[in-house]
Amino acid sequence: MIQKSKIWLYPWFRWTEKYLKTDTVYLAKGGFWLITSQVVAMAAGFGISLAFSHFFPKEGFGTYKFIISVVGLLGVFSLTQTGTAITRAIARGFNGALVQGFKTNFKWSFGLFLGGLGLAVYYFINDNYVLAASFLMAGVFLPITSSSSLYDAFLQGKKNFRQSTFFSMARNTLPALSMIVTIFLTDNVVILMAVYFMVSAAVAGTLFWLTKRKYRNENRDTDPELASYSGHLSAMEVIGQVANYLDKILVFHFLGAVPLAIYAFAIAPVEQLQGGKKILSSLIFPKLSERSFEELQQSGPRKALLLTVYALGLAGVYVLFAPYFYGFFYPQYVDAILYSQVYSLTLLAVSGTIFDSTLIAHNRKKELYVHRITMPILKIGLFLTLLPIFGIMGLVITHVFIRIFAGLLSYYLVMHPFKS
């Protein structure tokens, strides 16, 4: 039956290419596996959110989100964009980039270890043993997890979306199940964080080893640009990394753990829907690396317009069904409904994915620096301005404005690039 479906659908996909100006057969084939992976990830995240909402106190959940946000902020001490450089290297034939990227990333993760150790000492001195223990574990396990997780960038560069999907299913479900069981058994934040860090490291390490073993007979050519390009991309992301986690840290410090829990539940469902943007980026990035910049300037605007129409429809459906969704699944967090409905407008950012990926695929460093520095600075400024005035809604409005404006800026930089 599956084979018959392929035979019937193939001519239809080829027909749509005349109007969409896109290799829809490639998108359908790769998209099937990536969508499957995203569905599993959403199911795992949904299961964790249900466990948190029904069996974990709001204050404990707020503390958990604060720890995760600070841990994400510690990423500025490492090469956060090594995965992107690996995908680009593999698409260009450098199959030794997996091990090369692991070694480079692990070496540069020493700062992450020191950051976690420093925070652990600080909170220990201030008698906050929950945060001290959590950040100590983060410093120990995160270098292993982040470096081992690069297997997925390698598989996407190889366009092996099938294996990437099966591995992602394991990487999402095993830690999720471990955390759900832990939430049922205890409301101790330290135990929960220990399970989170250790299981994540163990699963990522195993999947990295399996990927390396599968491709051990291919050429081991390394990319001479990988370390440099990883460094450039990561440097561009430093301010962005701060901006991505600053909102939750500000809510925790100025409003408290419970408001942070409400804010986290407001944005979580929409962020799951943002997975479509990640799928699109994973699919098109290897293709964009193979096509000329001038060709992409011609084809990008039309595809972005189609994505905008799709995003508007998805946001409209979400706004209508959000009250029923929260009322049934998260009755303890109905205060988050309005915030979540407004936040759904961030889905419009998907249209900028094509232009952002184009800049990365063609190593447009000047344009990327402008984008990666301008947007986070503006975002941080709006956070600090609107949070004291409008509270949580101020942060939501900031996210909507920044993501839409970021897409417009990416479009401008692709259509009007700097002269070399």
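User: Which helix does alanine 311 lie in?
Analyst: Alanine 311 is part of helix α14. Bear in mind that this is a predicted model.

User: Okay, and is alanine 311 buried or exposed?
Analyst: Alanine 311 counts as buried because its relative accessible area is 1%, and the cut-off for buried is under 20%.

User: What is alanine 311 in contact with, leaving aside its neighbours within four places in sequence?
Analyst: Its contacts there are Leu347, Leu348 and Val350. For leucine 347, the C-alpha atom is 5.7 Å from that of alanine 311, although 36 residues separate the two along the chain.

User: Where does α14 bend?
Analyst: At phenylalanine 321, by about 50°. Proline 323 follows within four residues of that position.

User: Changing topic: how many helices and strands does the chain have?
Analyst: There are 18 helices and zero strands. Of the chain's 420 residues, 51% count as buried. Among contacts with a separation of 6 or more, 84% come from residues 24 or more positions apart.

User: Which residues touch the most other members in the largest nonpolar core?
Analyst: Phe52, Phe61, Tyr64, Phe66, Phe135, Met193 and Tyr263 do, in a core of 63 residues. Helix α12 (residues 257–273) gives this core its largest share, ten residues. There is also a second, separate core of 33 residues, with Phe154, Phe167, Tyr229 and Leu413 among them.

User: And what does tyrosine 64 contact beyond its neighbours within four places in sequence?
Analyst: Tyrosine 64 is in contact with Phe52, Met179, Leu192, Met193 and Tyr196.

User: Last thing, confidence. Where is it lowest and where is it highest?
Analyst: Helix α1 (residues 2–20) is lowest, at a mean of 46, while helix α15 (residues 337–343) is highest, at 97. Across the chain the average pLDDT is 86, and 89% of the residues score at least 70.

User: How many contacts beyond four places in sequence does the model have for residues 1–10?
Analyst: One, and pLDDT stays under 50 over that stretch. Residues 12–20 also stay under 50, with 16 such contacts beyond four places in sequence. Where pLDDT is low, predicted coordinates should not be read in detail.

Technical notes. Residues numbered from 1 in each chain as written. Predicted model: local features only at pLDDT ≥ 70, side-chain atom pairs only at ≥ 80, totals over all residues. Heavy atoms only, no water. Bend = angle between axes of the 7 residues up to and from the residue. Helix = DSSP H or I, 4+ residues; strand = E, 2+ residues; numbered from the N terminus. Buried < 20%, exposed > 50% of the residue type's maximum accessible area, 1.4 Å probe, protein only. Contact = heavy atoms within 4.5 Å. Core = buried A, V, L, I, M, F, W, Y, C linked by side-chain atoms within 4.5 Å. pLDDT = per-residue confidence, 0-100.
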